[in-house]
Every structure is written in structure tokens, then in C-alpha cells.
Amino acid sequence: MIDYKKHLNTSQYEAVKFDKGPLLVIAGAGSGKTRTLTYRVARLVDEGVPPKSILLLTFTRKASHEMLQRASNLLDDRCENVSGGTFHSFANTMLRRYAGYLGYNSSFTIIDRADMENLIATLKKEMRLGEKDRSFPKKNTMASLFSRSINKVKPLEDIIYDDYPHFTTHMDALGQLYAAYDTHKNRHNLMDYDDLLVNFHRLLKEFPDIRQEIASTFKFVMVDEYQDTNQIQADIIYLLSGEHGNIMVVGDDSQSIYAFRGAEIRNILSFPDCFPGTTVIRLEENYRSVQPILHLTNQIIDQAAYKYTKTLFSRKKGGSCPCLMRTSDENSQSRFIVDKIRDLSLQGVRLNRIAVLFRAGFHSFDLEIELGREGIPFVKVGGFKFMDSAHIKDVLAHLKVIHNPDDSISWYRILLLLEKVGPKGAAQMFNDLQKKGGGYQGLAQVKLRPALAGSVERLKSLFSVLTPETMTIAALGERIVDYYLPILKNRFDDHPRRERDLEQLLSIMERYGDLEAFLTDMAIEPPSASIEGTFSTGESIDESRLTLSTIHSAKGLEWHTVFIIWTLDGRFPAMRSLHKEDEIEEELRLMYVAATRAEENLFFVCPGQAYDRATGLILNRPSRFLEHIPEDALDIRYTF
DNA sequence: TCACGGAATATTTTT
DNA sequence: TATTCCGTGA
């Protein structure tokens, strides 16, 4: 028997014991949110609710894994069978089953952000839009624009007018591109991340009996990080649980920092209106930080205009006052941190208990150089992704066309690898191959210029030996890698390292028996960024490294000592957010998230002045979020 | 039409 | 840092 009362505080216990109906848990930073969800899952299963009928939705695979793992440890293995996962993976599962209803084939391919961008860029070129126009948005920006329009459920025009007014001149072209992008996906059986949600939502909305079927399977619905849900996700939740109303959502409005991706803080703020009769429980005891840090973070978040009021408190005694350190310039900021880290090491604080956080990836460049010079080992998180590297994508493309022969993106990628084949050539060949019936049978019949014959022959013979019916995935992968190695060596100077990555990929393939499952996982639940082999060249994978991270990537984590750099007004909050009220609010919440990562020591660092290229202004004041904090909460010092 | 080199440029990113 | 875009020569 689990002794719930003993392991939980009063509010946590109340949430865990809560039975039926809508429940909103406002879980402050470090207040045991995961613990509460975990215990509730265990409790339900413990009391005989079939695990399959519990749906637990999260934003990351890691979070969902961790919770079910911990629930299993509490109770038993039954907890592993709880339904759910990430929103995207759940949507995917349902869509594979019902794709036909939406005019899709169930072997659709999921395309990632890079694929999305490349497809848009190719279409732009084909349609000859914005040629040689420097003011035309970059592919990255276009992808954001389109995605934003979907996630905010707003027409593209509104997005452009409101958020990207400098692109209004390109309105028509962008509209055409958007339409072309959409048609292309439909025609080639492709779905991007947004489509997974949108189409699942459509399925529930447009086919009531299917909704009924799905909704009746899940008697208890739980959602983690509710403040990060967007409109579509909230609608999905409503459609799934509106009828029985057994819905528990957990989140912290003060930590909503994904509005730029469509997250709607309104979802959590107005949850009680959506589900009448909602019980609200607040978790306000913080188990992470010492009281002086909470004293400060409470004051930071007090400046927010819209929020659920809550005041975090801690029983952790001691700790010193957080400090704002003003330095002369960027480099002295870096040197301050290096010195301080030296001090801390002498006091016995290990490097992996320290983090430096910043607003944007490039804010740490100078520091990285300084750390390198001083020989202080560090990891920068959020940067490089295993799955994004070209060589991995190249190999995967060959598998993808086996599963979905219409996958134009992968075909392009494959064909572009051939010598003397560029964008034009690839487009031509892909067209021909589709006319001949598509897929690799189509490829076999394509007639070619003699100059190309050689390399294409090799590709044809590769496909002729790839027989998914009789071969394991790893075996397919091996053939493909054999074929690909010469290309790899030709293209990349650092091929030895990349070759090792491919070995890794092959060993991941060993774990799968089903091609579709493998490809889906690689798209929406890829292996974590720091795959072994990428870092471990000789030296042991010593976990004693300093962490450098964007604040976004630091959410949910904690360290003994935290430095927040570039807390200069104009950098943080960023210049571009200053004229929009809700964007400033989000910057404030971001500052709050950053500061609440610290357990014992918290330093804000602010270089004396910096030039802002975009506006031509000299920035020289500390962040406005820190300016009005009384002296007893924030200690201001100078290192000139 | 392709391949390559150099210059310019930059929010944040769970899927 | 690293990615993207453009101009050049083959």
C-alpha cells in the first residue's frame, strides 16, 4: 500500500485524491508537479482503473517516460500501460488508424521542421517568387509564419499584419506559397508537425462517431504543462473529455513561455470557464530554492498583469541574496563568470551543478571562447541535434521512400546526392519517376542522359536489393549505409565522425521490427541530442561540465548556482518585444523561469553597454524587470 | 545547370 | 558559431 498522506503535502494530497470532474492544478516552480501527477496515476491504477483508459498527455517524450516510470516504481508495471505520450505521438497513433477518413493514406510521412523549410524553399524557387529580393523572408521565417498561422488559428494575412508588418509587400506571394505548400503535402502524403494536430482535431470534429469511439476509451484525461497548449490542443482536450468531464490539467501560468509557437496562456487562465465546476488547487510550497531566491522571484512575477495569484514559499533555510552584477562590457561579463566558477569549484561546487542561462543562442559566444581559453569544460544544450545532421537525414530518406513512395522530399534529397544532379535535375527525374508509376519501380524505368547513367545505376541497384518484406530494418539500413559511404566521404571532411553516427543509427534500428514505427519515432520521438559517439571521442563522458543553455531549454531543470547573462534592457527584454504588451509579459515570465532554476545562488549579469544594430541605440540600463526590485531582495554590485 | 567559396546575418523551439 | 544566400567559373 502506498502511504499517500506521508509522501505528499496537503495540496498535493488533495490533487492526488481528487476523483471525478474537472480539476486545475496550478503548480508553482519547483512545487512537485511531476510528483503529483505520478501519484495520481498510481492511485487510479491502484484503485482498479484500467491503465489503458487513463490518458496522460505531455509535451515531451521525456516527461511522459519519467512519469510512467516513477508511477511504476511506486506501484507496479501496470502503470507502463497508461495511454498517451506526447500530443503529437498520440495524434499520430490515431491518424494512422483513421487516415482514410481525411483523404490521407495511413502510410503518410511525417516531415520535420527542416523538411518543411526545404520544401517551402523549393516551391519558392519553382514558382519564381521573390527572386533576388533581399527583403523577401528567409525560408526559416516563412516556416515560422505558416506554422504560426496554423497554431494561432489565424489567417496568414493577420499574422503578417500583426507580427510581420515589414512583409506586407510580399503578402500575395506568401499566400500563394502557403497554398502550394499545403497542396503539395496533400498530394504526396506528407504531414508536418502541425498537421498531426490539425488533422487529429478535424477527425474529432468532423466525425462525431469516431470522436465518440475514441473519447469513450479514455475515462480519465490528464494534461501536463497546460500553460503551453495552443488553441488546437485545448480543443482536442475538450472534444476528448467534454462529455465525462474527468479532466485534470496541471501547469503554471507564470511559466508560459511559448506564445511564439502558438501557446495560449488563456487556456489555463480560462480553464474554469471552459469546464464549469472546476476545482482549483494551488501548489505553493517550493522544494527547490532558498527563501531569498523565492523572495526575489515572487517580486519579479508580481509585475505580471494577468495571472493566478500565488506566493511561493520555501522551508529551505539560509542562502544569500541574489545579486545583479554590472560589468563594463561583454568580455568582462564572461570573465566575471569564469572567476566566479573558479571560486565555486574551490568551495566544492561541481561544474554540473552550475548553469549559465541566456535569452538567445548567440548570447553565449563570447563566454564560450573565454571558457575554452580557461579550459573549463561545458555543454551547450539545445544546439545541435543528432536527427538534424545531414548524413542521418540522407540515410533516412532512402528508408522513407520505401515506406511512402510518394514522399517527394525524400526523393529530392536522395537524387540531389548524385553527382551532377542539382535542383533542376532532381525535379526532372522525380517527375519522370512519378509518371512511370512512382516509387523505385518508377525510378527503374526513368531514361537518363548518359552522363548521369553511372551514378543512377548504383542507386537503382541499391533499391533492387532492398526488400522490406524479407529484410529487417537494420539490414535495410546496412545496405543503404554501404551505398552511402562513398557519397559521405566525398562530401564531408569530417566523415569519420559522421560514420560513427551512422553506426549509432544502425544500432537504433536493431530495436525496431516495424519500418513505420521506426520512421515515426525518428520524426517525433527522436533519440536525445547527445547521442554517445558524438561527444565521447576518447575522453570519458564526464558529467562534470558546466551547462550553457537558452532559458527555453532550461525549463523544468535546476542547478545549485545559476547565472543569467545579458540582463540588459534591450537584450532581455529583447528590443523587438518592447512595443507589444503581451510580448513584454512573456519576456517577464521568461525571466521568472530563468530565476526559479536556482537552488542556492543566483546571479544576474549585465554588461555596461552594448550597441543594438537594429535600432542604432546604445543599451546601458539593466533589465526593466530588475530595476524596481527593492534593495533587500536584490544586491547590486559593480566590477569596473 | 552545377559546384564551390566568401560574405552577411542572427530570438526563443518540447513536436 | 553556423547557416544561408549570391556570384563566379566550368
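Reply: Axes are lines fitted to C-alpha atoms, for helices over the stretch in contact, and angles run from 0 to 180 degrees between N-to-C directions. Helices (H or I, at least four residues) and strands (E, at least two) are DSSP runs, numbered from the N terminus. This is a predicted model, in which local features need pLDDT of at least 70 and side-chain atom pairs count only at pLDDT 80 or more, while totals for chains, interfaces and linings use all residues. Residues are numbered from 1 along each chain as its sequence is written, and chains are lettered from A and ligands numbered from 1 in the order in which they are written.

Me: At what angle do helix α8 and helix α9 pack?

Reply: Helix α8 (residues 156-163) packs against helix α9 (residues 171-187) at an angle of about 140°, and their axes are 10 Å apart. Angles under 35 degrees count as roughly parallel, over 145 as roughly antiparallel, 65 to 115 as roughly perpendicular and the rest as oblique; α8 and α9 are therefore oblique to each other.

Me: Which residues of α8 and α9 meet?

Reply: Two residues are in contact if their C-beta atoms, placed from the backbone, lie within 7 Å. Here L156, E157 and I160 of α8 meet M171, L174, G175 and Y178 of α9. The residues of this contact comprise five nonpolar, one polar and one charged, where Ala, Val, Leu, Ile, Met, Phe, Trp, Tyr, Cys and Pro count as nonpolar, Asp, Glu, Lys and Arg as charged, and the others, Gly among them, as polar.

Me: How is a sheet read, and what is the order of the strands in the open sheet of seven?

Reply: Strands of a sheet pair through backbone hydrogen bonds, either parallel or antiparallel. Two strands pair if DSSP finds at least two bridges between them. In this open sheet the order is β13-β14-β12-β15-β16-β11-β19, with parallel pairing. The edges are β13 (378-380) and β19 (635-638), each with a single partner strand, so one side of each has no neighbour in the sheet. Strands β15 (residues 559-564) and β16 (residues 598-607) pair over five bridges, and T561 has N601 in β16 as its bridge partner.

Me: Which residues are closest to DNA strand B?

Reply: A residue is near a molecule or strand if its C-beta atom, placed from the backbone, lies within 6 Å of it. DNA strand B is surrounded by 34 residues, of which the closest are H88, G361, G422, G425 and T550. Helix α20 gives the most to this surface, with three residues.
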